[in-house]
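I opened this model to look up a few local features. My notes follow in the order I took them.

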Amino acid sequence: MMFAENLSAFLTHPVTATVLLVVGIIGIALELLFFSSGLLALAGVAGFGLYFLGFYLAGFAGFGDLAVFGIGLILLILELVVPSFGILSVLGAICLFGGVLMASSNPKEAALMLGIALLIAIVVIVYAIKTFKHRGVWNRFILKEQLTTDKGFTSSPDRMYLTGLTGEAVTPLRPAGTAIIQGERIDVVTNGSFISAGREVIVVEVEGARVVVKEKDSKLS
């Protein structure tokens, strides 16, 4: 009995209770942001659990308080699987903090401890987001890999190799049309001049998917 009383006095001390709230808030918030396989959530639940245990042993926290807190946890968990645009998170946080205030022997003191814990938690959470931003939940909704050519991505076929090659216009180029270059049908364009079908052309410029040609005997560049 003496042990329970001492434990209760320790856990309900304002400093201890505030630390437990900080651990609880940070643990659950970071779990939602970074998905640490449940480790941070476990730490958060342990922090809140010890907070409630202290006031339960002191005779203040009851089943109703724990039920409100439990509903808050469930809502936060549902936020991970149900697209509620943050509504479940807000309701869950309200229930969590409501349970914390209801369990305390002095709601005003509990509100003060909760406020201090929130401020400390916000600082830690902001620091964690800046430090581990590459691991956050938001990365699930953005394209993380750069689409660069060295990784095999191209916005259009690379046809720079065509520069300087000759071919034959298979359709009139007015100025766009089709030419056969090294046995391949290529969509080409001139710099504005007209080239009849069957004329020999040379590739003078390649810019992305745009292949510019001129008549081989033409002085026009």
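**Loops between the strands**

I began with P175, which is found in the loop between β1 and β2 (176–181). Strands here are DSSP E runs of at least two residues, helices are H or I runs of at least four, and both are numbered from the N terminus. A cis peptide bond joins R174 and P175, with omega at about 0°.

Before going on, I noted the ground rules. This is a predicted model, where local features need pLDDT of at least 70, side-chain atom pairs count only at pLDDT 80 or more, and totals for chains, interfaces and linings use all residues. Residues are numbered from 1 along each chain as its sequence is written, and side-chain values use heavy atoms, with hydrogens and water left out.

I then looked at Q182, in the loop between β2 and β3 (184–189). Its phi is near 55°, a positive value in a residue other than glycine. Is Q182 buried or exposed? Q182 is exposed, at 60% relative accessible area (buried is under 20%, exposed over 50%, partly exposed in between; 1.4 Å probe, protein chains only).

**Strand pairing**

I followed β4 (residues 200–207) next. It pairs with β1 (residues 166–169) in the antiparallel sense over three bridges (pairing takes at least two DSSP bridges). G167 stands opposite V201 in β4. β4 also pairs with β5 (residues 210–215), again antiparallel, over six bridges. There I found E205 bridged to V212 in β5. β4 and β5 form a hairpin with two residues between them. In the turn, G208 has a positive phi of about 65°.

**Salt bridges**

How many salt bridges does the structure hold? I found two (a side-chain nitrogen of Lys or Arg within 4 Å of a carboxyl oxygen of Asp or Glu). One joins the side chains of E215 and R199 at 2.4 Å, N to O. That pair links strand β5 to the loop between β3 and β4, 16 residues apart. E215 is buried at 19%, whereas R199 is partly exposed at 41%.

K216 and E200 also meet in a salt bridge, at 3.7 Å, N to O. K216 sits in the segment after β5 and E200 in strand β4, 16 residues apart. K216 is partly exposed at 39% relative accessibility, and E200 is partly exposed at 41%.

**Surface patch**

Last, I checked helix α3 (residues 39–57), which holds Y56. Y56 counts as exposed because its relative accessibility is 52%. L50, L53, Y56 and L57 form a nonpolar surface patch (residues over 30% relative accessible area without a salt bridge; nonpolar side chains, namely Val, Leu, Ile, Met, Phe, Trp and Tyr, are joined within 5 Å, like charges within 9 Å). Together they have about 340 Å² of accessible area (Shrake-Rupley method, 1.4 Å probe; for residues, only the protein chains shown count as cover).
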